[in-house]
Amino acid sequence: MVWLTPLIAIALTVASGYLLFLALGLDPAETLYQFLIAPIESFYGWTELGVKAAPLILIATGLAIGFRANVWNIGAEGQLTMGAIAAGAVALAFWGHEGWWILPAMCVAGALGGLAYAAIPAFLKTRFDVSEILTSLMLTYVAALVLSILVFGPWKDPDGYNFPQTRMFTDAAVLPILVEGTRLHLGVPIALLVAVAAWFLMGRTVIGFQIRVVGQAPAAARFAGFSRKRVTWFSLLLSGALAGLAGTFEAAGPIGQLIPQLTPGYGFTAIIVAFLGRLHPIGIIAAGLVMALSYIGGENAQVSAGLPQAATGVFQGMLLFYLLAADVLVRYRLRLTAGQPKPSPKPVTVS
Amino acid sequence: MKSIYGLLQPDSGEMLWNGRPVRPTNPQEARRLGIGMVFQHFSLFEALTVAENIALGLENPPERRVLAKKIREVSEAYGLPLDPHREVHSLSVGERQRVEIVRCLLQDPKLLIMDEPTSVLTPQEVDRLFETLRRLAAEGCSILYISHKLHEIKALCGAATIMRGGKVVGTCDPAVETARSMAQMMIGAELRTLSRRGERGAAEAKLTVEGLSVPADGPFGTALREISFTVGAGEIFGIAGIAGNGQTELSQALAGEHRSRPSTAIRISGQPVGHLNAERRRGLGLCSVPEERNGHAAVAEMSLAANTLLSARNRMKLAPGGLIRAGLARDYAAKVIHDFGVKARGTEALAGSLSGGNLQKYVVGREMLQTPEVFIVSQPTWGVDAGAATAIHQALMTLAQNGTAVVVISQDLDELLQITDRLAVINLGRLSEARPTAGISVAEIGLLMGGLHGAEPAAAEDEKGHAVHVA
C-alpha cells in the first residue's frame, strides 16, 4: 500500500490539474495533453527528459540518504550553486586550454564546492546542535548572492555586452554529448550510476545499515557503536557533494557557462523527488523522470496553451501535498464521531 | 484481557458485567463500564508531561490545574508519589507504571486489571502496591491480577485461574496451594530446578570498575559517583536497586554507549576501555543486553536477520570488509532462534512483531552465542513468562560456568538472590559494598535500596564509595 501512494498522488494531481485548467478557461484535455504527453512523444523529448531528470536524481539520491538518517538537508539548491561556482572557476581559469583533465578537475572541484558548503550546517549541527534545516536553507540564499556577485562583477564576460554571465566554457570544459542533435550529455548516465551505487550502499553495506539504524532507532545505534555525529557529517557531506556535482553538470552541460538563473529550483524539487521515490534510489529514478516531465510540460504548455509559468510550481506542490496526505491516510483512518462531544483517543505509543 | 478491555473483539462466547451481557468494542466503552487496565507495556507519550498523558486517557479531562491537583491527591492517598509536571521520558520504569495506575484510579474503576505490575518494583514498593490494591478491594473495586510470580498471587489473591497457551487449565485457591504446585499447573510439567553452583575460589578479574563517575544526563538523569567493583571469570555479579537510581546510566557506561573518563575507570582483563565505543569494547569481549528491547537492543522495523548486524557483525564476521553478507546474518539469526527457542515466523520476521518475552530471548541469545568474556545484562527477565525466565537464568549460569564474567543489573530481587554469587545495591548513583549472596538477607538489601528515602546519612555513603573488591 505504501508503494501505491505515489501513484495515487500522481492520479489526484492530474485530476486536480484538470479542474484547475477548467477554471482557467482552458481546454483541460488539450492542456493536460500538452503538459504530460506531448513532451515525450518523440525521441528528442525523451532525451530532454533525461537532461532535466539527471540533476534531480543526483541530488535526490544524496538527500534521501540523509533523510533516512533523520538528517534534513534542505539546502541542496545552495550546494548546487556553490558546486557550479567551483567548477566554473576551474573552467574559467583554464579558458581556451586543451586537456582531457579539465573536465574531471571541474567535477572534483564542483563536488568539493558542494561538500564544503554542506560542511557548514554539518559543523553547526554536530558542534552546537543547530537545526540543519534552518542553516542549510538560509545558506541557499547566500549562495545565490555569491553567484550574482561573481557574474555581475569579476567573472563577467568581457565581450558579453554587459549581460550578467560568464564567458561560454571552451570545449575541454563542456560535457560530451552522447547522441548527436540532442542535449543528452554524459551527466545523465552518471546520475543513473550514482543512484544504483546508492542502492548498493544503503542495502548491502554496513555504512548504509548504520544510516538506517541511526534514523530509525538512535538508542540502538549507540548500542551498536554507531556514532550519530559521524552519520550526520557523512550524509550532509555526501548530499552536498552530489548537489555540487549536479551543479557542475548543469554549468558544463546544457548551459555551458555561469548565469544567475543557474537552476529552476532543482535543489528544492529534489526534496519532492526523494519522497515521491520513497527514499529508495530506484524509486527516485522514476520520480525524477516524473518531476522532469512537469518542468518540460510546464514550459510546453506555456507556449502552446498559454498556461502561466506558476502552473509548474502548482503542479509540483500539489504532487507533494497529495503524496504526504495519501501517506497519512493510508496508515490512519478518518472516523467521524458524530454525537460524541469530545472524542478522546486512547494514546498509543509505537516505541 | 484485551477482549475485556475492548481492544480485541472475541469471536465467540459472552461476557457478563454485573449480570448483564456486554461486549465492549473499544477501550472507551470499557472505561465507561468501569473497567480500568494497567498494561505491562505502558502506553505513554514520552514527550508529554504526566498530567498531559493522564488527561489524554480521560473521557472528560478537567482543567489542567485541577487535574494536577487531583493527580497529587490520588497519588499521595495511595502512596504513589508522582509529579504531574514532569515529562514522561525522564521517568524511570517504576515511575511510569505509577502514571498508568493513577490514570486508572482517577476514573473510579469497578474492575482494575493489572498485567504483571510488580516486575519493575522493589520489595518495599511491591508491599506498598499491595496495600494500595487491598485498600481498593476493600473499597469495593474488583482486581484482576495477572502475574507469573506465584508468591504474589498467594499473598494477594482470593482466587486464581491458571492459563496456559490461551486455555484455562485450572482454578484454585492460592491460600491452599503451594507456589510449586501452581507453577507445575502453569508449565504443565515438572518444574526444572536451577542447578545452583557451589562456592568457588578466587579467579582472575575480567571486569574491573574503579572510581567510575559519570555526570547526570539531563535534569532528571542520575549521576554515577565513584562506582567500583570487580567481577572475576565465572562469577555472576548482581546489582540491585530501585528503578531510576542509576542502573540505566551504569549499564550504558559499562557497555560503552557513553564513554567515561579516565579510560582506566573501566578495564577488561586489565585493559583500559573507558574511551572506547560499544563496538570496540565488543571486540575486546564485552557484550551487553540493554533494558529496553524495542528501539535499543533491537530495531523494531527491521527483520531478525538484520538485527543480528547491530552487535554481531564483527564478532561473528557477518559483514567482512563492510559488506553485509545477508546469508550469514540469516544463518546466525536462525541459530539464535533455534538455540533459544524463540517463537518467530522465521528470520525475516520484524523484531517488532515478536512478543516481549520472545524478543528478549532473541536479544539475550544473540549476545550469548557470541561467547563473550564479559556479559552485562539489564533486567534479563522483565516481562518474560516463567518458563522462559528459567531458561534465561539457566543460560546465564551456564555462561558463567564456562568462564564468562556476568553482571546482572535487575530490579527483580528474587532473580538476583537466585542466580548471583555476589550482590551490590545501587542507590542515587552510588554502589554499595558487594557481599556474597549466600550470606545476605532480603531485609538488609531492602535497607540499602531504601537509602533513597533518607534513612542513611552521608557517613555510610563514604564507606560505600571507596570500596574496592577483589573476586
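**Exercise 1. Check the length of helix 6 of chain A in this predicted model, and state which of its residues are buried and what they pack against.**

Solution. 
1. Helix 6 of chain A covers residues 132-152, which is 21 residues.
2. The expected span is 1.5 Å times one less than the number of residues. For helix 6 of chain A this should come to 30 Å.
3. The end C-alpha atoms of the helix are 30 Å apart, so the model agrees with the expectation.
4. Next, look for positions with 20 or more other C-beta atoms within 10 Å, the cut-off for a buried residue. In helix 6 of chain A, A:E132, A:S136, A:L139, A:T140, A:A143, A:L147 and A:V151 are buried.
5. These buried residues pack against three partners in chain A: helix 4 (76-93), helix 5 (102-128) and helix 10 (228-255).

**Exercise 2. Describe the fold of chain A and decide how its radius of gyration compares with the globule rule.**

Solution. 
1. Count the elements: chain A has 13 helices and zero strands.
2. Along the principal axes, the C-alpha atoms of chain A fill a box of roughly 75 × 60 × 35 Å.
3. Of the 351 residues, 48% count as buried.
4. Among contacts in chain A with a separation of 6 or more, 76% join residues 24 or more positions apart.

**Exercise 3. Find the residues with the most contacts inside the largest nonpolar core, and list the contacts of A:A252.**

Solution. 
1. The largest nonpolar core has 191 residues, and A:I59 and A:A252 have the most contacts inside it.
2. Set aside the neighbours of A:A252 within four places in sequence; its contacts are then A:A87, A:A91, A:L103, A:M106, A:F169, A:A173, A:V174 and A:L175.
3. A second, separate core has 21 residues, including B:V38, B:L44, B:A55 and B:V99.

**Exercise 4. Describe chain B and its contact with chain A.**

Solution. 
1. Chain B contains 16 helices and 18 strands, and 43% of its 471 residues are buried.
2. Its two domains are domain 1 (15-146) and domain 2 (205-465). Their C-alpha centres lie 30 Å apart.
3. The contact between the chains takes 21 residues from chain A and 35 residues from chain B.
4. On the side of chain A, helix 8 (206-216) and helix 9 (218-224) are the elements that give two or more residues.
5. By class, that side of chain A has 11 nonpolar, six polar and four charged residues.

Technical notes. Residues numbered from 1 in each chain as written. Chains lettered and ligands numbered in written order. Predicted model: local features only at pLDDT ≥ 70, side-chain atom pairs only at ≥ 80, totals over all residues. Helix = DSSP H or I, 4+ residues; strand = E, 2+ residues; numbered from the N terminus. Buried ≥ 20, exposed ≤ 12 C-beta atoms within 10 Å, placed from the backbone. Domains from an automatic or database assignment. Contact = placed C-beta atoms within 7 Å. Nonpolar A, V, L, I, M, F, W, Y, C, P; charged D, E, K, R; others polar. Core = buried A, V, L, I, M, F, W, Y, C linked by C-beta atoms within 7 Å. Rg over C-alpha atoms; globule rule 2.2 N^0.38 Å.
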